[in-house]
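Keep the viewer open and try each task before you read its solution.

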Amino acid sequence: MSTWYLDSDPPNEAFAVTGEIALLSLSDRASASDTLQQLKTILRDAGVVNQCHNGFDYLIIGGGTAGLAVASRLAENKPDKTVCVIDAGKYDSDDRITIPGLYGHAVGQKEFDWCYKTIPQPELKNREISSSAGKVLGGSSAINYLVRMRASSHEYDAWSQFGPGWGWHDLLPYFKREEKYVDYEWGTDQIFPGITKEQDEQARQDEPIFRGHTGPTHSTHNDIYTDLLKPTIETLNQLGIKTNRSPYCLATKILFDTNDVTAVGVDISLVEFPGFPVSFPVYGREVILSTGTYNTPRLLELSGIGNPTILKKYNIAPVVELGGVGENLQEHPFVISDFVVKDGIFTFDRLRNDQKYQEAQWKEYRNQGTGAYATTVSAYGFITLENFLSEEEVQELKKELDQEIHNATDPFYRQQLEIQRGYLDNSEVGNVELIMVPKVFATKPPEPGVSYISLLVSLPHPVARGSVHIKSSSPLDPPEINPQYLSNKYDLKILTKATKFVRRISETKPLSDIIVKPSTPPASVTSDADFEAYVRERVVSIQHPIGTASMAPQSLGGVVDNELRVHGTRNLRIVDMSVAPLHIAAHLLDTAYAIGEKASKFDLDIFFASDLFK
């Protein structure tokens, strides 16, 4: 097996081979023509061109989370086949990517992030919201906040209503296959308040059913916790929320044999050479598109797959008419509040306020891989409406969602909303996410020498549906992203009430004993109208977009079938979070890995007999 990664900048030299993985630079050359010729020479000398009749067996467009998972498994399981991964980003071991304590520092940096923005959002005072997408080998898993979690079984079972074979028990083996979990130690600070010894022992007995221990991706618990964690968890317990122990080379166009809509390869462009654009094809028998929720619909539309009205607007000849391409965009909106804590309370603001401590922690991480820089955000929870609202308020929100269902005219959307309505009556599905960040997160700039606690609320199952479409025929233009944030009363009301609940948390013992005052929003924000205005001013994206190439029957507006094959094509598949038909109460890393793992088990050799490249 030869696995080739075509990217823009390998770690050490222009062409480096380690084992069976080749990294080819497409940017460190004197001229684009030299680069193109060298690429052809290297592939020919390596025997790849001759072996594959000028093509690869598996051509994977996008080296992101799911794309690299499926590439790695194909390389492992099919030793007689060749795999090519094409990615616009570069391999990078920058500290902002590799050091846990620097989580979030790579977001918004153009060398790692596509740095997309939405179109102006009318309900957010026409703000354009940053919409990150990883532009580096590893995709968004390289720039995220290192959160490992899965959604409830009910939410994956909901997927199976649109694509049979994608329920909880179907995905569980793939969650376990990718994971190497290391448990925490009883009797240490790793144990959250609210867990008894008996509950822990029972959970450890059940753990092998749900957790993986031999996979390639490691997951474990922090070694260091601040003074904020214990009172935060105890306060939530006090409010009735229990602790839960149980578990730049750029692809520009897909190439088709239009006789039977067989994908045969992809055009890639060397875009690093102003005034010297060079484009050339790379061929594959199976083409797997894994460029993410924002870029996957963009590339489909540039290739002639999508809504014909949009395609014709930009003089793109339709190859497959699929009106669902780029539709059904769903995102987790979130709102941050932070509070000043008393002097002497240990938070990770100390890295900002105490230079000697910061230098010592940096040295400890460099020498031992431990300390504050080895630590990430540690407290996440999903709560139901009943956890923080009165019965009257719960019924108010249910009526709002009932009205949205009544108003829905699209059958796919209506079915999704009916499922979401069922979540509101299911105590095992979270309706709001609550996150504690042990440092300043909303107040800008923070006061020197002051420490903070930040509490975030997010909406896991928004009613809003948006879209991602091309805005020109140029592959270099970013897509037009329109999430339609807060375009309905349900989303606005639930986020407003959740943000107001955060204030109540801060005023409840024992957490209130260490809080001095609200910082952002200030103490003057008290009424429902005040909190609603704050939400409109401050809601942002948590960077969890899904759904723009949804798995569903074509008759419902789906883009892929339950084997992730694009409707109307023979051998083009999509393997990324864009295929998820309905959002989940979880951060997406583990689910993206599981999608890649499951896709690698499909019968991807079915079209090889046609011998496309002879």
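The exercises below cover ring pairs, charges over rings, cavities and backbone geometry.

This is a predicted model, in which local features need pLDDT of at least 70 and side-chain atom pairs count only at pLDDT 80 or more, while totals for chains, interfaces and linings use all residues. Residues are numbered from 1 along each chain as its sequence is written, and side-chain values use heavy atoms, with hydrogens and water left out.

**Exercise 1. Stacked rings**

Task: find how W114 and Y116 are arranged as an aromatic pair.

Solution. Start with the rule: rings of Phe, Tyr and Trp (its six-membered ring) pair if their centres lie within 6.5 Å, and planes under 30 degrees apart count as stacked, over 60 as edge-to-face and the rest as tilted. A search of the whole structure finds 11 aromatic pairs. In one of them, W114 and Y116 are 6.0 Å apart centre to centre with 15 degrees between the planes, so the pair is stacked. Next, check burial, where buried means under 20% relative accessible area, exposed over 50% and partly exposed in between (1.4 Å probe, protein chains only). W114 has 19% relative accessibility, so it counts as buried; Y116, at 7%, is buried as well.

**Exercise 2. A pair between two helices**

Task: work out which helices hold Y156 and W168.

Solution. First look at the rings: Y156 and W168 are stacked, at 6.1 Å centre to centre and 25 degrees between the planes. Helices (H or I, at least four residues) and strands (E, at least two) are DSSP runs, numbered from the N terminus. Y156 belongs to helix α5 (residues 153-159) and W168 to helix α6 (residues 168-178), so the pair ties together parts 12 residues apart in sequence. Y156 is buried at 0% relative accessibility, and W168 is buried at 11%. Finally, widen the view: ring pairs link Y156, W159, W168 and F175 into a cluster.

**Exercise 3. Charges over rings**

Task: identify which ring lies under the charged end of K135.

Solution. The test is that NZ of Lys or CZ of Arg is within 6 Å of the ring centre and within 35 degrees of the ring normal. The charged end of K135 sits over the ring of W114, 4.8 Å from its centre. K598 does likewise over W166, at 5.2 Å from the ring centre.

**Exercise 4. The largest cavity**

Task: list residues that line the largest cavity, then sort the lining by class.

Solution. On a 1 Å grid over the protein atoms alone, a cavity is a set of points where a 1.4 Å probe fits but cannot get out; lining residues have an atom within 4 Å of a point. The lining includes L329, Q330, E331, Y485 and D491. Ala, Val, Leu, Ile, Met, Phe, Trp, Tyr, Cys and Pro count as nonpolar, Asp, Glu, Lys and Arg as charged, and the others, Gly among them, as polar.

**Exercise 5. Backbone geometry**

Task: locate P510 and N328.

Solution. The peptide bond from K509 to P510 is cis, with omega near 5 degrees, and P510 lies in the loop between α15 (489-506) and β21 (515-520). N328 is not a glycine, yet has a positive phi of about 65 degrees. Its loop runs between β14 (320-321) and β15 (333-341). N328 is buried, with a relative accessible area of 11%.

Note on methods
1 Å grid on protein atoms, 1.4 Å probe; cavity = no way out; pocket = protein on both sides within 12 Å on 5 of 7 lines; lining within 4 Å.
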